[in-house]
Amino acid sequence: MARIVGIDLGTTNSLIAYMNGKAPAVIADAEGHILVPSIVAYTPDGLVVGDTAKEQLVRNPERTVYSVKRFMGQGLADVTQELHYFPYKLTEQHGVIRLHVGDKALTPPEISAMILKQLKYRAEVFFGEEIRKVVITVPAYFNDSQRQATKDAGKIAGLEVVRIVNEPTAASLAYGLQKRKQGLIAVYDLGGGTFDISILKLKGGIFEVLATNGNTHLGGDDFDRRLMDVITSELKSKRGVSVEGQPALQQEIRIRTEQAKCALSTDTSTVVRLPLPDGNGEYRRTFSRAEVEALVQDLVEKTLGPTRQALADAGLTPTDIDEVILVGGSTRMPLIQQNVQALFGKHPHCEINPDEVVALGAAVQAGILAGGIQDMLLLDVTPLTLGIETMGGVMSSLIRRNTTIPTSAKEMFTTFVDGQTSVDIHILQGERELAKDNRSLARFQLKIPALPAAVPRIEVMFMIDANGILNVTARDVRTGEAQSLEVKPSHGLSDQDVERMIKDSFIFAQQDIKERQLIEARNEAESILRATEKALTRADRLVRPDELTTIRTAVADLQHALAGDDHRPIRRAIEALNQATHGLAERLLDSTLREALKDKKLSQIP
Amino acid sequence: METVRKELPLARSMCWHCQSDIGGEYFCGQCVKVQPLSKDIDYFTCLGLPRKLNIDTGSLETKFYEMSRAFHPDFYEGKSEMERTVSLANSAILNQAYRTLKDPIQRVEYLLRLEAGSAKDIPGKAPTDLFETLLEIQEHLEALHAVKARNNPATEGIVAQLKTEKSTLDAKRAALESRLAELFHIWDRLVEKSSHDQPFKAEKEQALKEMRDILSQRTYLNTMLANIAEALV
């Protein structure tokens, strides 16, 4: 079976991992970097991703996109409160956010696809083969639109997303494999932009999720913003400097507050040094850990409500939990660790690097799917109740939250007036009574044959698959025939959108493996052709006539191959030319060596 | 969300792949292909259980895990489209079966649907013996609401009365649940004793009727207790 790799597509950083025999391992780049900052920048030289893009945050703030995960599967109304923290312009089209970067308006899945391509490329260099199949992790509390957006990002990046896995459950797989844990565990996952809590039962290789809860807009970014707000207001009151309309300064503040927050995980106080524009000198501000903890205390408390709810949904109390696992960079904060410890009454575990554990778990799930791991099985749940809008704007639930997936529910529909040919169905996700307070997933029109009222009987099947993504099918009960559905996603791309994006997906020259291989082969061919010509002119005395014919033929073959756009014949021709010039090269080397040594004493030879 | 137009093969006595006789097994004895569970399979049959109400949750879990290992889509990634469709549908049925039978109340509600054709949701019904108490609770809830609306802090009297009434309802619910537990045993004995010749039809119907009645009252009490809890916050 084709290789499947695991990807943690994070708010702040992304990484890729694989199964190295029986243990998962992360893949580093040539410089040994494991984390790819989830940042995409448009520079005059083209598109850059990761560390290179990170350098553009301050230099080129309006064209550098970060934390795009917060916008996945969202409409503009979902993110109004945080818009002013982002230096780039956002608009909405058909319920989907567009990020305006330079002269382009891109959707969050398109931006995420660029990060995925970077990871794909990294894995392809590592394995020396094309990577097609991946497992991608998402926050457990991601709704259908957010999951679908992630899957679309994969498609746009030229990947087949074989499975969407929840981040905390992925982490539990990594822990379960490594530590052979059994019993009830709680995974507390606080990342850059999202919070998840999952309660699992581990028994004989089965990882059964009992309940999950969370907040998809709560993470390290929000902690940083508390510090940014302090600095922003002090700059104004003490130095008369306004950050408004100064995206570079805003980014500078963001980066330095993030560094300060991280420093405070080990130090008890830290200094933020901020160079001010227009010769305003430097601004310095000391933060103590206690001050920052007071600033973010309410955010930490916002994680405890969902944690208690998940426990209640699992029918458990905190003391029932055997082990607590911490995941996500934000759990490095001592304040978080203290709060988690206080709630569960036990010391939380973080033996596996909290930045890497999710990607490692994704690799384990990839191993299960590829058939390499047969004794482990993850039984996950759907995080949110699924329902449809009924009379009076009320949501009628079809599949309750925390139901083990895959799962399905059937609903019968009929008509109210004679000759009615369609019924509109509005699908929702959420825990509130009224339809308007829940997440609108999609609206679809059910086509019905014209018959007297109440005669047609159309059965609609709502199936949530193992990715937590909803699939809808309809059949006419009378005829047994499948009925057509026209689905309009409320906050998602249509299939046609995705197809188009795959097509005009940026040709990322150095990323597109085929193109890259062609370029490399051509470059090598050109240099070997130059070297051959040079050798032939310099060493015509050393060439035998039959040898010259072979070399000339090989040169002609290579030149012919160069005209094509397939790297393989070029490689073969290079190989043939190498063979043909092998003897000559040796003789040439010998003679050059003799020349070089002519006037030297033996001791001078290095 | 996505729309799919895959059609599941209908469960039948022959393997959908090699046409051998499968004799009700989940996997074909000849070609080992996974077979679709019947669309009308009941959850007891799905999990290999008799239609009894006392279930050992430990062995139920073991059976569920075992069948999950057989059907879960994770183990069908490299397989044919048809096998993947069957695996998805079977897993969905299995998960619903386990969820329903794991919980005693959902289990008996499901049995009532199977045996007595009850609606999906059994409507609440006030326990007649508590009629007066229930009327008083209604009055007190309204009174408390009115007092609160006027920002009058003098609520102790009503709160105390509601608390007493709440304990009456709690006691009633406990009594209903213990009778329900007895009925579980009565039902199970009837299932064990019954045979083709002696189906104990009337006795079974009597037990089902009483269980349905208890569930109705219990639903009513739960709603009322939730209202009281909300008012007392």
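**View 1. Chain B as a whole, in a predicted model.** From the N terminus on, the elements of chain B follow the order β-α-α-α-α-α-α-α, which amounts to seven helices and one strand. The structure shown in this and every other view is a predicted model. A compact globule of 233 residues would have a radius of gyration near 17 Å, whereas chain B has 24 Å, and its C-alpha trace spans about 75 × 50 × 30 Å along the principal axes. Of the 233 residues of chain B, 25% count as buried. When contacts in chain B between residues at least 6 apart in sequence are considered, 60% of them join residues at least 24 apart.

**View 2. The two domains of chain B.** The domain assignment divides chain B into domain 1, covering residues 6–102, and domain 2, covering residues 128–232. The centres of these two domains of chain B, taken over C-alpha atoms, are separated by 37 Å. Where the domains are in contact, five residues come from domain 1 of chain B and five residues from domain 2 of chain B. On the side of domain 1 of chain B that touches domain 2 of chain B, there are two nonpolar, one polar and two charged residues.

**View 3. Helix α7 of chain B and its surroundings.** Helix α7 of chain B has 32 residues, 201–232, and at 1.5 Å a residue it should span 46 Å, which agrees with the 46 Å between its end C-alpha atoms. An α-helix has 3.6 residues a turn, so residues three or four places apart point the same way.

**View 4. Where chain B meets chain A.** In this view, 20 residues of chain B are in contact with 31 residues of chain A. On the side of chain B that touches chain A, the elements giving two or more residues are β1 (2–3), α2 (57–71) and α3 (81–102) of chain B. Of these, α3(B) gives the most, with six residues. By class, the residues on this side of chain B divide into six nonpolar, seven polar and seven charged.

**View 5. Helix α8 of chain A and its bend.** The 25 residues of helix α8 of chain A, 289–313, should span 36 Å at 1.5 Å a residue, and the end C-alpha atoms are 35 Å apart, which agrees. At V296(A), α8(A) bends by about 50 degrees, and V296(A) is also one of the buried residues of this helix, which include V292(A), L299(A), V300(A) and T303(A). Just after α8(A), G315(A) takes a positive phi of about 70 degrees.

View 6. The peptide bond from I405(A) to P406(A) is cis, with omega near 0 degrees, and P406(A) lies in the loop between β23 (403–404) and β24 (407–413) of chain A. S67(A), although not a glycine, has a positive phi of about 50 degrees, and its place is the loop between β7 (64–66) and β8 (89–93) of chain A. D278(A), also a residue other than glycine, has a positive phi near 55 degrees and sits in the loop between β16 (269–275) and β17 (282–288) of chain A. S67(A) counts as buried because it has 20 C-beta neighbours inside 10 Å, whereas D278(A), with 8 other C-beta atoms within 10 Å, is exposed.

Key
Residues numbered from 1 in each chain as written. Chains lettered and ligands numbered in written order. Predicted model: local features only at pLDDT ≥ 70, side-chain atom pairs only at ≥ 80, totals over all residues. Helix = DSSP H or I, 4+ residues; strand = E, 2+ residues; numbered from the N terminus. Rg over C-alpha atoms; globule rule 2.2 N^0.38 Å. Buried ≥ 20, exposed ≤ 12 C-beta atoms within 10 Å, placed from the backbone. Contact = placed C-beta atoms within 7 Å. Nonpolar A, V, L, I, M, F, W, Y, C, P; charged D, E, K, R; others polar. Expected span 1.5 Å × (residues − 1). Domains from an automatic or database assignment. Bend = angle between axes of the 7 residues up to and from the residue.
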